[in-house]
Amino acid sequence: MTAGSKTPLPRLATFEDALAKLPDGYVDGYFGGRPWGVTAKRSEDGKRIWLYGEELGGKDIVSFNLYRLAEPGSILKPCEMSSDKVIEFVIGFEPSTGKLRLENSGRK
């Protein structure tokens, strides 16, 4: 995978593994101890993965497309953020097994 940075190959493999474990559609979870909502969509041919994540009750977002190439490899295209931020998020995101409680956000 090319990520536009000098990310070590083991970290890229960890990223790909973590991304593969995320389900299609919407999932709540946590990143950095904060609640997040994440939507992942995969193209029918498996050549494109789109992900959008947003901090619930906050202002941070993560968004990218990952394109699978005909030859071995992929291209990561973050949306107005660094590849490192995207990789760190996907590796560190922990999907929730239940409903999230949002303190002071007015959402439940």
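Reader: Is D60 buried, partly exposed or exposed?
Author: This is a predicted model, in which local features need pLDDT of at least 70, side-chain atom pairs count only at pLDDT 80 or more, and totals for chains, interfaces and linings use all residues. Residues are numbered from 1 along each chain as its sequence is written, and side-chain values use heavy atoms, with hydrogens and water left out. Buried means under 20% relative accessible area, exposed over 50%, and partly exposed in between (1.4 Å probe, protein chains only). The relative accessible area of D60 is 25%, so D60 is partly exposed.

Reader: With which residue does K85 form a salt bridge?
Author: A salt bridge is a side-chain nitrogen of Lys or Arg within 4 Å of a carboxyl oxygen of Asp or Glu. The closest N and O atoms of the K85 pair are 2.7 Å apart, and the partner is D60.

Reader: How many residues apart in sequence are the parts that K85 and D60 tie together?
Author: Helices (H or I, at least four residues) and strands (E, at least two) are DSSP runs, numbered from the N terminus. K85 lies in helix α2 (residues 83–92), whereas D60 lies in the loop between β3 and β4; the pair therefore ties together parts whose separation in sequence is 25 residues.

Reader: Which residue in strand β2 pairs with D60?
Author: D60 also takes part in a salt bridge with R34, at 3.9 Å from N to O. Because D60 is in the loop between β3 and β4 (61–68), this pair ties together parts 26 residues apart in sequence, and the residue in strand β2 is R34.

Reader: What is the N to O distance between R34 and E55?
Author: R34 is partly exposed at 33% relative accessibility, while E55 is buried with a relative accessible area of 15%. Their side chains meet in a salt bridge, and the N to O distance is 2.8 Å.

Reader: Which residues are linked in a network of salt bridges?
Author: Side chains of opposite charge can pair when their charged atoms come close. A search of the whole structure finds five salt bridges. The network links R34, E55, D60 and K85.

Reader: Which residues touch the most other members of the largest nonpolar core?
Author: A nonpolar core is a set of buried Ala, Val, Leu, Ile, Met, Phe, Trp, Tyr and Cys residues joined through side-chain atoms within 4.5 Å. The largest one has 22 residues, and those touching the most other members are F15, L19, L51, V62, F64, F89 and F93.

Reader: Which elements each supply at least two residues of this core?
Author: In soluble globular proteins, nonpolar side chains tend to be buried together. Here the elements supplying at least two residues each are α1 (9–21), β1 (25–31), β2, β3, β4 and α2.

Reader: Is the pair of F31 and W36 stacked, tilted or edge-to-face?
Author: Rings of Phe, Tyr and Trp (its six-membered ring) pair if their centres lie within 6.5 Å; planes under 30 degrees apart count as stacked, over 60 as edge-to-face and the rest as tilted. F31 and W36 are both buried. Their ring centres are 6.1 Å apart and their planes are at 85 degrees, so the pair is edge-to-face.

Reader: Which residues do ring pairs link into a cluster?
Author: The whole structure contains five aromatic pairs. The cluster linked by ring pairs consists of F31, W36, F89 and F93.
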